[in-house]
Amino acid sequence: MNLNAAAWLGLLIGAAMPFTVSAQVYLVRNHKPEAVIVCASNDGFSQSAASVLQRFVFEMSGAQLKIKPAASKNEQNRILLDNQVANKQAGIREDGFSIQTGKNHLTIKASGDKGILYGVMEVLETYLGVRYFGEFEYSAPKQSTLLLPSIDTLSNPAFRYRQTQFYGISQDTLYKHWRRLELPSEIFASNYWVHTFDRILPSAVYG
């Protein structure tokens, strides 16, 4: 590598470094909270998502992140949960989500459904190392500092309905959401899922 090429490479690396650093978001530093969770909407899924994030951050670090409906201007690190994004905006579909980090903030967006909850769980699992193995069985590694890297991702489920025969999903709601699963009663009207032919056309009447 000649001198000119090395100089250009150094300039490129130097230019990229401030962006990389600014995209990092501290949630906790030395067991002390560094961020606040902001719920842009008051729907049940947003509240659940905020509570799940607060719970696991506390279990991992001992730091309690505050949950607020809005952030004050002087707040440094914000975790914004925005569950009011139009379905077609940014390509987010039903139960999908986007995650982005920027200078002193993490933003998770969804379209009014469970995507906001799935987005929080994606952050916890992929970037903070939490693992949920089965019914009430999980690991949350102890850490004094929780720091998120630069993130810019979009995720949509491949299937409209996702179900398993593991009965634990009816006992542990958190596990069900973590695996992005659903119960028949949540999707099918009056639980008309299987073995419904006689309910639709009773043999006593049409037999």
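Predicted model: local features only at pLDDT ≥ 70, side-chain atom pairs only at ≥ 80, totals over all residues.
Local features need pLDDT of at least 70 and side-chain atom pairs count only at pLDDT 80 or more, while totals for chains, interfaces and linings use all residues. Residues are numbered from 1 along each chain as its sequence is written, and side-chain values use heavy atoms, with hydrogens and water left out.

Helices (H or I, at least four residues) and strands (E, at least two) are DSSP runs numbered from the N terminus. Two strands are taken to pair if DSSP finds at least two bridges between them. An open sheet of 6 strands shows mixed pairing in the order E4-E3-E5-E7-E6-E11. Its edge strands, E4 (66–68) and E11 (152–155), each pair on one side only. Neighbouring strands of this sheet are turned by 15° against each other on average, direction ignored (axes are lines fitted to C-alpha atoms, for helices over the stretch in contact, and angles run from 0 to 180 degrees between N-to-C directions).

Within this sheet, strand E5 (residues 77–82) pairs with E7 in the parallel sense over 5 bridges, and Leu80 stands opposite Thr107 in E7. Helix H3 (residues 115–127) packs on the sheet and touches E5, strand E6 (97–102), E7 and E11; the direction of H3 makes about 55° with that of E6. Helix H2 (residues 44–61) lies across strand E3 (35–39), E4 and E5, running at about 165° to E3.

Thr107 belongs to strand E7 (residues 105–109). With a relative accessible area of 11%, Thr107 is buried (under 20% relative accessible area; exposed is over 50%, partly exposed in between; 1.4 Å probe, protein chains only). Neighbours within four places in sequence aside, Thr107 is in contact (heavy atoms within 4.5 Å) with Leu80, Ser98, Ile99 and Gln100.

A further open sheet has 3 strands in the order E2-E1-E10, with antiparallel pairing. Strand E2 (32–33) and strand E10 (146–148) each have a single partner strand, so one side of each is left without a neighbour in the sheet. Strand E1 (residues 25–29) is joined to E2 by 2 bridges, and Arg29 stands opposite Lys32 in E2.

Rings of Phe, Tyr and Trp (its six-membered ring) pair if their centres lie within 6.5 Å; planes under 30 degrees apart count as stacked, over 60 as edge-to-face and the rest as tilted. The count comes to 5 aromatic pairs. Tyr132 and Tyr175 form a tilted pair, at 5.9 Å centre to centre and 40° between the planes. Tyr132 lies in strand E8 (residues 131–134) and Tyr175 in helix H4 (residues 173–178), so the pair ties together parts that are 43 residues apart in sequence. Tyr132 is buried at 2% relative accessibility, and Tyr175 is buried at 10%. One aromatic cluster is formed by Phe56, Tyr132, Tyr138, Tyr175 and Trp178.
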